[in-house]
Amino acid sequence: MCLAVILALGACKKDFLTQYDPDAIAVANYFRTDNDVLLAVNGCYSLLRSGNTVGESSDLWTDQRSDDTGTNDNQSNAGEPFQFNNFSLIPTNSYLYTHWLAMYNVIANCNIVLTNIDKVNFSNPTNKQIYKAEAETIRALIYFDMVREWGDVPLVTTQLTTTDQVAANTMRTPQLTVYKQIVADLKDALNSPLPATQATGTIGRISLAAVNTLLGEVYLTMATTADVANQTADLNSALTYLTASYNAKTFSTLSSIPYTSVFDVTQKDICPELIWQIVNKQGDAVYSSGIAASFQAKGETIDSQKPSTGVGYNVTHDLVNDYEVNDPRGAFSIKYANDPTVKDWFVTKFRDVSSSAGINGYGGNDWILMRYADVILMLAEVNNYLGNTAAAIQYVDMVRTRAGMPTYAVSMLNPAYSTAYPTLKLAILHERRSELAFEHHRWFDLLRTFNDAELVAYFHAKSQANFGFAQLANFGTKDRYYPIPFNETKLNPVTMYQNPGY
């Protein structure tokens, strides 16, 4: 936890050689009004923008770990980013440690809000309930990512103010206990007066639909990875909360929303498929999105007006080959760059060629954390696990129909489709890949779909030729989880024990 919790520490003794900012306000004296709490909650939201947490450039911990993408450069930055998709991560990887610290920084800031919120005499009691729910949901989101990435992690739910408290919390907590806290936070948030959905003026803030979506995914993940003893109960809970999210939608059918409009920067404030997004400001040097410009390959202009000098965002040929023939989502999401120095595929899913974004590439693309196609496919997944095959297929068909693809039943008559996806479980996994590519879902989808042995077999069965320099043979059972950063395990090798294989 190191630096993250230090943010919450006060001075432990007098030091007459240390200079302090006379205008600084101690945390204990900061929280006085509704607006003080609002600003602190806004600070929690702002931390989600970082590529070291869950922002648009956080793909190193998600998509680059999967079979969709990953750097094909094993030299830059001492080869550390390459370790993620080469399955050669080591505990001293500095990127991994920075990610760990950034995640706990978010948690520490949420804990500061939740520890001090009762000290404030709110002028509007509703505000207190909403701000508390937002901080709880953000904390739950971060812990959910961490428990999927590392398994057992330190569980801290209060502001730490002394070094003794930090030492006492420097210990990994069993992941089921962490999951229980995640569930408790989200259920408490559901009992708040949060708005039902995003609306004008609240774009980017958490709604009840977002809480239900996250809680449904948490239960689905628990059922398939961490809590086998209560699998049926967890699946039914997932069904309950995902259905609640789905029932909150403000559109008639998914087909009423064109796939391309989900990523259209001119419609990001009005697209009813979006449940929760990180808002970016077009044309702003600080708060804009850089994804369109950074993903574009040399010689191309489809993503951004900003000229590119590199190969763009790498797409594995494994994914290229997995898009079905004539799937418009593939045609929209990826493109072959013909520049002599590239001659490969890059991502075109996120575009902003507007004059406002300009040649600097200051795009207006919001980063989508949750949308309804994801909810619908999770409903397909949970219904399939529960044996409700007809319902599962119905949800799959909602997404395929919107994309202009044949229904599942018709597709299964196609030998190419039925051979590649012989079970409904694999068809759902494929549908999620086609629909949600590059949205940071794929790695977690694989973890949820396969047990350790199945996951190893899945990667080893793929063609090495489709993955460039990254060596699929490196993948083993240890790679389900990341190593605990060395700087954490050295604090206490007993309580901060390393994951197996590292």
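The structure is a predicted model, in which local features need pLDDT of at least 70 and side-chain atom pairs count only at pLDDT 80 or more, while totals for chains, interfaces and linings use all residues. Residues are numbered from 1 along each chain as its sequence is written, and side-chain values use heavy atoms, with hydrogens and water left out.

Confidence is given as pLDDT, the predictor's score for each residue from 0 to 100. The mean pLDDT of the protein is 94. Of its residues, 95% reach 70 or more. Residues 3–18 stay under 50. For this stretch the model has 21 contacts beyond four places in sequence, a contact being heavy atoms within 4.5 Å. Where pLDDT is low, the predicted coordinates should not be read in detail.

Helices (H or I, at least four residues) and strands (E, at least two) are DSSP runs, numbered from the N terminus. Axes are lines fitted to C-alpha atoms, for helices over the stretch in contact, and angles run from 0 to 180 degrees between N-to-C directions. Angles under 35 degrees count as roughly parallel, over 145 as roughly antiparallel, 65 to 115 as roughly perpendicular and the rest as oblique.

Helix α3 (residues 34–47) packs against helix α5 (residues 94–116) at about 165 degrees, with the axes 9 Å apart. The two are therefore roughly antiparallel. In α3, V37, A40, V41, C44 and L47 meet N105, V106, N109, C110 and V113 of α5. This contact comprises 8 nonpolar, 2 polar and no charged residues. Here Ala, Val, Leu, Ile, Met, Phe, Trp, Tyr, Cys and Pro count as nonpolar, Asp, Glu, Lys and Arg as charged, and the others, Gly among them, as polar.

α3 also crosses helix α6 (residues 125–150), at roughly 20 degrees, and the axes come within 10 Å. α3 and α6 are therefore roughly parallel. From α3, D34, V37, L38, V41, C44 and Y45 meet N127, Y131, E134 and I138 in α6. The residues divide into 7 nonpolar, 1 polar and 2 charged.

Helix α14 (residues 372–385) and helix α15 (residues 389–403) pack at about 155 degrees, their axes 7 Å apart. This pair is therefore roughly antiparallel. On the α14 side the contact includes A373, I376 and L377. In total, 11 of the contact residues are nonpolar, 3 polar and 1 charged.

Strand β2 (residues 334–337) runs antiparallel to strand β3 (residues 344–347), joined by 4 bridges. Strands pair if DSSP finds at least two bridges between them. Y336 stands opposite W345 in β3. The hairpin of β2 and β3 has 6 residues between the strands. K343 takes a positive phi near 50 degrees in this hairpin.
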